Amino acid sequence: FFAQEALRQDGGAIASVRPGVDVTIMKEPLGVVGLICPWNFPIAIPAWKMAPALAFGNAVVFKPADLVPGSAWALAEIISRSGIPKGVFNLVMGRGSVVGQTLLESRDVNAISFTGSVETGGKVAMACASRGAKFQLEMGGKNPLVVLDDANLDLAVAAALDGAFYQTGQRCTASSRLIVQSKVHDAFVERMVDGMKKLKVDHALKDGTVIGPVVDENQMAQDERYIQIARDEGGELAWGGERLNRDTKGHYLSPALFVGTKNDMRINREEVFGPVASVIKVDSYDEALSVANDTAFGLSSGIITTSLKYATDFRKKSAAGMVMVNLATAGVDYHVPFGGRKGSSYGAREQGRAAVDFYTAIKTAY
């Protein structure tokens, strides 16, 4: 896609308001771009950053998360065989506090594209702003999936299971808040638990595995901490949330579903980044919309309904950068913009033709 975008870049020639003066508008490379990437999509996220960066004429310094050096090395090795000139693509390994910080502080790096936690994103923003470097942030989510009482429940459960628990819940677009209208609440929860019991948790390469291991012990401890927080706040654990033993060593956790939660609980305010979801019961569509938008995040949202009226209204009024109707909140295409609002994202959108806005600078010549 971005190989073609390299040829589709547009500019402009415009008449000036002053006689005898011509104006041209061009998009030029930024120079050196630092890409700081997370561990949860160790091929996809680096690829969707480096492809437009290179297509629009920049040099790249790629720093992967230190948990996934193998994927980064494989990607770099493939790129090294492409005939790309030396120095245009660079891979650097190491801790974010050392290598990442060096990229943030280097005046040889003209821009930073970052995907990761809200806390680290704030540090990236401060460091870049202090020296006038361009920056782009993709951070967390606390994404709502609204299930109305007219919903197809089979579709609703399938979307919720996918959005909440696939990829072990380790994705910023995960459906961590399931906002369910009261008439279908009990039936939805019952079907969810039935579906969760059928999700095979095991080594990711084993046949039939749906949920692989949590990435490491630190993330496992965070998942378990939030499960305890939800219990302490009065949430009822409907199913799951237990450590599991499997033939292959790993951090296995059964998917957890809480019911009886309120939107002001920490479990519904803070990103867990694991296979943990909570149900919030509401009485009406208006209440569901209000609860869905009542969050510091704004990456993805979804609604399951057979009503064109409510689907259209939700698309219009949802305060998220991406809205899904009768689909899981996770799962996006590479040729359209990706990104959110509020605490989820900052700067130009990633992917699609929108990527040109970050990886180029506009020059107006008279």
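Biologist: Which residues does Phe188 touch, not counting residues up to four places away in sequence?

Modeller: This is a predicted model, in which local features need pLDDT of at least 70 and side-chain atom pairs count only at pLDDT 80 or more, while totals for chains, interfaces and linings use all residues. Residues are numbered from 1 along each chain as its sequence is written, and side-chain values use heavy atoms, with hydrogens and water left out.

Leaving aside residues up to four places away in sequence, Phe188 touches Val147, Leu153, Ala156, Val157, Ala160, Leu178 and Val180; a contact means heavy atoms within 4.5 Å. Phe188 also belongs to the largest nonpolar core, a group of 29 residues. Such a core is a set of buried Ala, Val, Leu, Ile, Met, Phe, Trp, Tyr and Cys residues joined through side-chain atoms within 4.5 Å. Here buried means under 20% relative accessible area, exposed means over 50%, and partly exposed lies in between (1.4 Å probe, protein chains only). The residues with the most contacts inside this core are Val147, Phe165, Leu178, Phe188, Met192 and Leu257. Two or more core residues come from each of β8 (143-147), α6 (153-165), β9 (175-181), α7 (182-197), β13 (256-259) and β14 (276-282). Helices (H or I, at least four residues) and strands (E, at least two) are DSSP runs, numbered from the N terminus. Helix α6 gives the largest share of the core, eight residues. In soluble globular proteins, nonpolar side chains tend to be buried together. A second, separate core has 28 residues, including Ile45, Leu75, Ile79 and Tyr359.

Helix α6 also holds Ala158, which is partly exposed, with a relative accessible area of 42%. Ala158 and Asn326 stand 168 residues apart in sequence, and their C-alpha atoms are 10.0 Å apart in space.

Thr168 lies in the loop between α6 and β9 and is buried, with a relative accessible area of 5%. Its phi is near 55°, a positive value in a residue other than glycine. Phe273, in the loop between β13 and β14, is not a glycine either, yet has a positive phi of about 65°. Phe273 is buried, with a relative accessible area of 16%.
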